[in-house]
Amino acid sequence: MDAESLSQIERIVTAATDGLRLEMAKNTGGLRLEMAGIADGLRQEMAENTDGLRQEMIGIAGGLRLEMGQIEFRLGDRLEETKRHMGVLAEGLRHDVQLVAEAGQLHSERLADIRREVEMQARETRALLQLSYEQIQQRVEILERRVQLIEQRLGLSV
């Protein structure tokens, strides 16, 4: 290849390159504008969606607050009902404890009565035994004296 052919190829390549550069410059500007338009559209869409989402979240939060208030109200009612129920149960339990205490008192009194009765019967039994013992003692003494008299009469006394 000679220098002229190289020079001609170089001019062709340079022209083609310059043409491509010029075409790229034209397309780049259009692409930049197109991209800027798309970006602006996306920004606007995101802003609209953000506002919509923000409103939706505010609505959900308000609904949740309302539901929480209703739940709190119902729990408060149930708590009061439970307190009343526990009061009734406690009163019933107090009554039952009072009945048990009264029954215990009655049993204690009955036991004391039985104990007094047993003690009185024991004293009466002792008195009767003592009286019987004294009577038996007197009879034995009488019998011993009679035996002694009989032995003396018979001459058996020692």
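A salt bridge is a side-chain nitrogen of Lys or Arg within 4 Å of a carboxyl oxygen of Asp or Glu. The legends below apply this term to a predicted model, in which local features need pLDDT of at least 70 and side-chain atom pairs count only at pLDDT 80 or more, while totals for chains, interfaces and linings use all residues. Residues are numbered from 1 along each chain as its sequence is written, and side-chain values use heavy atoms, with hydrogens and water left out.

**Figure 1. The salt bridge between aspartate 113 and arginine 116.** The side chains of these two residues meet with a distance of 2.2 Å from N to O. Aspartate 113 and arginine 116 are separated by about one helical turn because they are 3 residues apart in helix 1. Helices (H or I, at least four residues) and strands (E, at least two) are DSSP runs, numbered from the N terminus. Aspartate 113 has 36% relative accessibility and therefore counts as partly exposed; arginine 116, with a relative accessible area of 49%, is partly exposed. In these legends, buried means under 20% relative accessible area, exposed means over 50%, and partly exposed lies in between (1.4 Å probe, protein chains only).

**Figure 2. The salt bridge between aspartate 40 and arginine 43.** The closest N and O atoms of this pair are 3.4 Å apart. Both residues lie in helix 1, 3 residues apart, which is about one turn of the helix.

**Figure 3. The salt bridge between glutamate 80 and lysine 83.** Here the closest N and O atoms are 3.7 Å apart. Glutamate 80 and lysine 83 both belong to helix 1, with 3 residues, or about one turn of the helix, between their positions. Glutamate 80 is partly exposed, its relative accessible area being 38%. By the rule stated at the outset, the count comes to 5 salt bridges.

**Figure 4. A nonpolar surface patch of Met57, Ile60 and Leu64.** Together, these residues have about 310 Å² of accessible area. Such areas come from the Shrake-Rupley method with a 1.4 Å probe, and for residues only the protein chains shown count as cover. Patches are made of residues with over 30% relative accessible area and no salt bridge; like charges are joined within 9 Å, and nonpolar side chains (Val, Leu, Ile, Met, Phe, Trp, Tyr) within 5 Å. Leucine 64 is found in helix 1, which covers residues 3-154. At 48% relative accessibility, leucine 64 counts as partly exposed.

**Figure 5. Arginine 145 and its setting in helix 1.** Arginine 145 is partly exposed, with a relative accessible area of 49%. For context, the protein has 1 helix and 0 strands. Its radius of gyration is 64 Å, well over the 15 Å that the globule rule gives for 158 residues, so the protein is more spread out than a compact globule. This radius is taken over C-alpha atoms, and the globule rule is 2.2 Å times the number of residues to the power 0.38. Along its principal axes, the C-alpha trace spans about 200 × 50 × 10 Å. Buried residues make up 0% of the 158 residues.
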